[in-house]
Amino acid sequence: LKKIADRTAVVGVVGLGYVGLPLAGVFRRAGFPVIGFDIDEEKVVMLRAGKSYIRHLGDDFIAGLNSGAGGGKAGAGFEPTADFSRLNEADAVLICVPTPLDEKLEPDLSYVNKTAEDIGQSLRAGQLVVLESTTYPGTTREDVLPRLLAKSKNPDLRCGTDFFLAFSPEREDPGRKDTTTRQIPKVVGGIDEPSSRAAAALYGAAFEKIVPVSTAEVAEAAKLLENIYRAVNIALVNEMKVVLTAMGIDVWEVINAAATKPFGFQRFDPGPGLGGHCIPIDPFYLSWKAEQIGQRARFIELAGEVNHAMPKYVVDRTVRALAERGVKVSGSRILVLGLAYKADIDDVRESPSFELIEQFIELGAHVEYNDPHTPKTHRMRRHDLGMTSVPLTPQSLAGYDAVVISTAHSAYDWGMIVGHSRLIVDTRNATRGVPAEGDKVVRS
């Protein structure tokens, strides 16, 4: 607590991605020395060179990380490294690693478990460990704690006395400009009361507001509820889109009308499916855990079914629209606009655009994509397209049988796109208000 108060506590952040890198920035700006750990040595090299691999953060953000002198054992203000043997140098270790789903849509805690074991090998008295990765209730106590102790070289260490363990869920929203990471209230729950106090003190020294809760399990469940709330409501409007479209009713006009109510309604918009690391994945963590205790999360499971069916719905609508124009999907040329899961960022994690591209290819179409924020694809856990973004010009647009709008980046000139495309399948209502000839634009 004294080290936290005088800003000499060294903060170690494990996982320098969309969550960990902004988090490191918060603690640097608060005056703490920070060591950033990542298994990807290429990221470490880029950070040391002052380069950002996350577009919306930019090189200026990295320059801010690297500037200024920090105290403590880390020496420099911010030190990226791939050397996990240095974990013992950190007084607080914050875990920001992926928690994906496996092929059976069950939780994959391999990254969390491996990190816990790595920390355990260096665990020493006076350290605070905090899990930030989204997961099911009980992970911090039932998975992380035993691994810390099992790998510890000091069998006498006791949680709450010698070291401390807590859960504080990340609430990062890549690309958001109206709220900084520091301004987002930080929920904190410890394994025990001393752990809660230590974690609250650390985050309280860097964030504007701390929300202490009674246990790590409450904090874990709160994060899941936040994302499940969004997943369920997005599933609702996606289902409304399917039903109302079949009735010949514009779902976006319906949503616009409903959103005028000043109470009792919050706007959610339909799309081609769910993207990002949280909403497509996190609900399944709770439904899996519910099954382990003999319960069923039927509402969550149904929402997952609806949202996961949306890419196929978009593909079917495109195939039908092409057929109405005398074009077979097999052999057709299709352009998917936008690879990122939401507008104006380069984050492609779980983006439905990948599902659209793969389904069109399976049907025999020649598919290309354009995304000003993502010049080329890279190998992912479930996808490896090996594609490069193609130029977007009036001439190129005219050569496609269909243009499918998957992500409504603000950089797109919708007038030019509508004016030079033969057929547009708009999953985001991005072309609203843009004059179009006949039935050129199909809302999907």
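A: In this predicted model, strand E9 (residues 333-337) and strand E11 (residues 402-405) run parallel and are joined by four bridges. Within this part of the sheet, isoleucine 334 stands opposite alanine 402 in E11.

E9 and E11 belong to an open sheet of five strands, whose order is E10-E9-E11-E12-E13 and whose pairing is parallel. The edges are taken by strand E10 (366-370) and strand E13 (441-443); each has a single partner strand, so one side of each has no neighbour in the sheet. From one strand to the next, the twist averages 20 degrees.

Helix H12 (residues 310-324) has 15 residues, and the distance from its first C-alpha to its last is 21 Å, close to the 21 Å expected at 1.5 Å a residue. The buried residues of H12 are Met310, Pro311, Tyr313, Val314, Val315, Arg317, Thr318, Ala321 and Leu322. After H12 comes glycine 326, with a positive phi near 75 degrees.

Helix H8 (residues 216-246) has 31 residues, which at 1.5 Å a residue should span 45 Å; the end C-alpha atoms of H8 are 46 Å apart, which agrees. H8 too is followed by a glycine: this is glycine 248, whose phi is positive, near 80 degrees.

The largest cavity holds about 90 Å³ of space. Its lining consists of Val19, Leu23, Glu132, Pro169, Glu170, Arg171, Glu172, Thr181, Ile184, Lys186 and Phe207. By type, the lining of the largest cavity has five nonpolar residues, one polar and five charged.

The second largest cavity has a volume of about 60 Å³. Lining the second largest cavity are Ala231, Leu274, Ile279, Pro280, Pro283, Phe284, Ile300, Ala303, Gly304, Asn307 and His308. Helix H10 (282-292) and helix H11 (298-308) are the elements that give two or more residues to this lining. H11 gives the most, with five residues. The lining of the second largest cavity divides into eight nonpolar residues, three polar and no charged, whereas five charged residues line the largest cavity.

Methods. Residues numbered from 1 in each chain as written. Predicted model: local features only at pLDDT ≥ 70, side-chain atom pairs only at ≥ 80, totals over all residues. Heavy atoms only, no water. 1 Å grid on protein atoms, 1.4 Å probe; cavity = no way out; pocket = protein on both sides within 12 Å on 5 of 7 lines; lining within 4 Å. Points joined across faces, edges and corners; volume = space filled by probe spheres on them. Nonpolar A, V, L, I, M, F, W, Y, C, P; charged D, E, K, R; others polar. Expected span 1.5 Å × (residues − 1). Buried < 20%, exposed > 50% of the residue type's maximum accessible area, 1.4 Å probe, protein only. Pairing = 2+ DSSP bridges. Axes fitted to C-alpha atoms, helices over the stretch in contact; angles between N-to-C directions.
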